[in-house]
Amino acid sequence: MRYRELGRSGLSVSEIGYGAWGIGESGWVGATEDESLRALHRAIDRGVNFIDTARGYGESERIVGQVVRERAGDQVYVATKVPPKNGIWPAPDGLDPAETFPGAHIRDSLETSLRVSGLDHFDVLQFHVWSDEWVGRGDWLETIAELKQQGKIRLFGVSINDHQPDNALALVRSGVVDTVQVIYNIFDQAPADALLPACQEHGVGVIVRVALDEGGLTGRITAGTTFPEGDFRSRYFRGDRPAQVEQHVNAITAELGIAPDEIAETALRYVLSAPAVSTVIPGMRTVRNVERNTAVSDGHLLTDGRLTLLAKHRWQRNFYA
């Protein structure tokens, strides 16, 4: 496993982190706690030292906390998230931060996360939605400063709204945020336009989510693919979207001359080829996924030629809508 600096924080994190939404049994159908526990332990065995969870991920915080406490001899950093008080996802324009992240709500959510996980602090506390309209407004920044001083959190970050990377530029430039979490992948290349350079300039760590497009960049989504009722992917890949994804993936594999089962590795290497990226957090619900994804951390990034070819496959759309 290779490690990168998490912005200016001084923390060295595994470039392959662990996205723990899928193990929470709240949005993804098929996870079992026994396999999730095995997968987390195997990830730590393989050098993963950064795990991303959230208050809104069902049982995820509890499961993650159990493993981290069992592996007390290993240095494992845990990031969690505070959901917006008003329950609106993503954050639309025009909201006051008093509606979304008032100080009392931040504290209450954090205390619940600490209790559920059994941990005494979190290394990163993130807001689960964000709007740059909130910079300089509300009492959230004072609350974050107090929580840091009390040792309950080490760093502060935000999870940027889906496909809105420029909606955190003012926050990054303000100097008050330690990390940002953003969707960045072969399809959604927009963060590279302005956000990633700004994060490099201001020493902000970049946590990349959805590097595999919720499974779209694995080669396993094809026309006719369906998901069980209750699985969020049944909405994300509804209608003719699986056929659209298959068409775009086929174009990529043909362009690069790779097999469909190599697209996931290529997608992770694409993200890691951006020097601003600190860590990428694919969801890993099985030991098999852990083995495959952590194997990508071998120092072999994509060549400039391949990156140039992939630039042509930018595909702006919002399947969450």
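In the predicted model, the largest nonpolar core holds 87 residues, of which Tyr18, Ile106, Phe127 and Val180 touch the most other members. Helix α10, spanning residues 263–272, gives the most to this core, contributing seven residues. A separate core of 10 residues lies apart from it and includes Val13, Phe50, Ile207 and Ile281. In soluble globular proteins, nonpolar side chains tend to be buried together.

With neighbours within four places in sequence left aside, Ile106 is in contact with Val82, Phe101, Leu125, Phe127, Trp140, Thr143, Ile144 and Leu147.

Ser113 belongs to helix α4, which runs over residues 103–117. Ser113 has a relative accessible area of 1% and is therefore buried, the cut-off being under 20%. Beyond its neighbours within four places in sequence, Ser113 is in contact with Arg55, Glu61, Thr80 and Phe122.

Overall, the chain comprises 12 helices and 10 strands. Its radius of gyration is 19 Å, close to the 20 Å that the globule rule gives for 321 residues, so the chain is as compact as a globular protein of that length. Along the principal axes, the C-alpha atoms fill a box of roughly 55 × 40 × 40 Å. Of the 321 residues, 55% are buried. Among contacts between residues at least 6 apart in sequence, 76% join residues at least 24 apart.

The chain exposes about 12700 Å², with carbon and sulfur atoms supplying 48% of this area. The chain carries 33 positive and 43 negative charges, and their mean positions are 2 Å apart.

Technical notes: Residues numbered from 1 in each chain as written. Predicted model: local features only at pLDDT ≥ 70, side-chain atom pairs only at ≥ 80, totals over all residues. Heavy atoms only, no water. Helix = DSSP H or I, 4+ residues; strand = E, 2+ residues; numbered from the N terminus. Buried < 20%, exposed > 50% of the residue type's maximum accessible area, 1.4 Å probe, protein only. Contact = heavy atoms within 4.5 Å. Core = buried A, V, L, I, M, F, W, Y, C linked by side-chain atoms within 4.5 Å. Rg over C-alpha atoms; globule rule 2.2 N^0.38 Å. Areas by Shrake-Rupley, 256 points an atom, 1.4 Å probe, with all protein chains shown as cover. Lys, Arg positive; Asp, Glu negative; His and termini not counted. Charge placed at Lys NZ, Arg CZ, Asp CG, Glu CD.
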